[in-house]
Amino acid sequence: MQVSMQASPRRLEGGTPAFRRLNLALFAAGFATFAILYCVQPLLPVFSEEFHVSAAVSSLSLSLSTGLLAVAMLVVGSLSEVWGRKPVMVASLFASAVLTILSAAAPTWHALLLTRVAIGVSLSGLPAVAMAYVSEEVDSKSVGLAMGLFIGGNAIGGMSGRLITGILTDLGSWRVAIGAIGTLGLLAAILAWRSLPASAHFTPRRADLMELLRSFADHLRDPGLLCLYAEAFLLMGAFVTLYNYLGYRLMAPPYLLSQSAIGAIFVIYLVGTASSTIAGSLADRLGRPRVLGAMIAVMLSGVAMSLLGHLAAILAGIVAVTFGFFGAHSVASSWVGSRAQSAKAQASALYLFCYYLGSSLIGTLGGVFWASSGWWGIASLVSVLLIAALAVALRLITLSSRMSD
């Protein structure tokens with residue numbers, strides 16, 4: 001009788017107060033993560049001018065953060081299997097916010113890069129762990145919505161970080177701008193600490209290195225997960241590359257946009273908030289593989305529009321790319337959590353390792369294409385990546401009968 005009374009608590013369902021608190025906390029966490037990580041993106045031309053570095057070298061302020069984040073997540077995601085989800089996420093948010101404030105006072109280019117490396121490492125305790133947390137704590141019928149809202153927080157954070165940075169750089173300096181982003185990160189960390197429900201379905205694992213390595217190997221033997229990891233690399237590489245060099249294009253003749261105007265362009269990220277939720281809902285009805293392929297096709301159409309010379313056409317193309325990217329990422333990231341049968345944080349960490357590796361490697365490689373061929377070079381590189389991603393999505397359709405959908 002006593003055993004039956006100790007039944008496992010129900011998972012969080014949509015519409016309940018606990019579900020709303022979880023979404024508030026995850027939204028704040030996603031906001032802080034993307035605001036801190038990507039606040040330097042609109043500043044790449046400013047760094048080139050102030051520190052006398054090329055576009056490719058300037059992009060290291062972002063690429064080093066995402067690269068170290070990718071590697072560190074493989075470790076921290078595994079540690080969360082031992083220490084628990086919430087403690088790792090909260091510590092990650094506080095550490096990254098403090099480091100961002102310190103980076104605003106960096107006296108040299110190399111000092112700034114060093115703090116950005118540390119920020120990448122400190123942020124590693126959030127993305128993959130949050131994906132695992134959602135898959136463990138949320139009812140299966142509400143996972144798509146919860147993950148969509150978390151990705152939406154990423155979109156709002158990415159937009160706000162870039163917009164605030166652009167405006168404050170014009171009004172004051174890039175140092176004031178980055179300091180403000182760090183302060184917002186602290187506030188988001190406090191909100192997540194106070195609002196995030198404690199894990200009710202997490203089972204700690206022993207700190208066994210060989211067992212953790214076996215879990216990684218199991219994930220890498222799964223053909224469906226391998227396809228999803230490839231999508232993460234290709235899609236994020238394409239998306240970041242497009243945005244990295246958009247500022248260089250639009251600050252030059254004939255557009256001559258200001259830093260504030262470049263920052264304002266990132267309001268387009270609001271589209272990502274809508275598309276991540278829409279795609280999650282459509283995937284529940286039409287199937288993940290088809291929705292994923294459709295979102296990639298939308299991205300390709302946006303790249304084509306960006307080649308037109310009129311500013312309105314360029315912006316319309318960026319809207320399409322942003323809509324397609326966040327929709328595709330929402331579908332693929334939630335798919336990883338449902339596909340992995342165990343060690344979900346590690347499965348998510350591998351997905352995000354590929355995601356941020358694509359951002360780092362291809363984002364910096366784009367500087368070479370920009371220097372040699374301008375926007376046509378960027379568009380060509382991105383198109384090749386998206387065509388490859390579309391081929392992987394077609395492969396996922398053939399595997400869908402054997403995958404959790």
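This is a predicted model: local features need pLDDT of at least 70, side-chain atom pairs count only at pLDDT 80 or more; totals for chains, interfaces and linings use all residues.
**Entry 1. Helix H2 against helix H11**

I began with the pair formed by helix H2 (residues 44-51) and helix H11 (residues 223-251). Their axes come within 8 Å and cross at roughly 70°. An angle of 65 to 115 degrees counts as roughly perpendicular, and H2 and H11 are therefore roughly perpendicular to each other. I then listed the residues that meet: H2 contributes Leu44, Pro45 and Ser48, and H11 contributes Asn244, Gly247, Tyr248 and Met251. By class, I noted four nonpolar and three polar residues in this contact, and no charged ones.

**Entry 2. Helix H4 against helix H5**

Next I looked up helix H4 (residues 60-83) and helix H5 (residues 85-103). The axes of this pair lie 7 Å apart, and the packing angle is about 135°. H4 and H5 are therefore oblique to each other. On the H4 side I found Val76, Gly77, Ser80, Glu81 and Trp83, and on the H5 side Arg85, Pro87 and Val88. The contact of H4 with H5 comprises four nonpolar, two polar and two charged residues.

**Entry 3. Cavities**

Which residues lie nearest the centre of the largest cavity? I noted Pro127, Phe150, Asn154, His329 and Leu352, out of 13 lining residues. Two or more lining residues come from each of helix H1 (17-38), helix H7 (127-137), helix H8 (143-171), helix H15 (311-339) and helix H16 (344-399). I also classed the lining of the largest cavity: nine residues are nonpolar, four are polar and none is charged.

I turned to Ser330, which is placed in helix H15. Is Ser330 buried or exposed? I recorded a relative accessibility of 2%, so Ser330 counts as buried. Leaving aside residues up to four places away in sequence, Ser330 touches Gly148, Ile151 and Ser276.

Ile265 belongs to helix H12 (residues 259-265). I found Ile265 to be buried as well, at a relative accessible area of 9%, where the cut-off for burial is under 20%. With residues up to four places away in sequence again not counted, Ile265 touches Leu246, Leu250, Leu257 and Leu315. I also checked Ile265 against Pro42: the two are 223 residues apart in sequence, while their C-alpha atoms are 9.8 Å apart in space.

**Entry 4. Backbone geometry**

Most residues other than glycine have a negative phi, and most peptide bonds are trans.

The bond joining Pro253 and Pro254 is a cis peptide bond, with omega about 5°. I placed Pro254 in the loop between H11 and H12.

Leu256 is found in the loop between H11 and H12. I recorded a positive phi of about 55° for Leu256, which is not a glycine. The relative accessibility of Leu256 is 58%, so this residue counts as exposed.

His52 lies in the loop between H2 and helix H3 (55-58). Its phi is positive, near 55°, in a residue other than glycine. I recorded 71% relative accessibility for His52, so His52 counts as exposed.

Note on methods:
Residues are numbered from 1 along each chain as its sequence is written. Side-chain values use heavy atoms; hydrogens and water are left out. Axes are lines fitted to C-alpha atoms, for helices over the stretch in contact, and angles run from 0 to 180 degrees between N-to-C directions. Helices (H or I, at least four residues) and strands (E, at least two) are DSSP runs, numbered from the N terminus. Angles under 35 degrees count as roughly parallel, over 145 as roughly antiparallel, 65 to 115 as roughly perpendicular and the rest as oblique. Contact means heavy atoms within 4.5 Å. Ala, Val, Leu, Ile, Met, Phe, Trp, Tyr, Cys and Pro count as nonpolar, Asp, Glu, Lys and Arg as charged, and the others, Gly among them, as polar. On a 1 Å grid over the protein atoms alone, a cavity is a set of points where a 1.4 Å probe fits but cannot get out, and a pocket is an open set with protein on both sides within 12 Å along at least five of seven lines; lining residues have an atom within 4 Å of a point. Buried means under 20% relative accessible area, exposed over 50%, partly exposed in between (1.4 Å probe, protein chains only).
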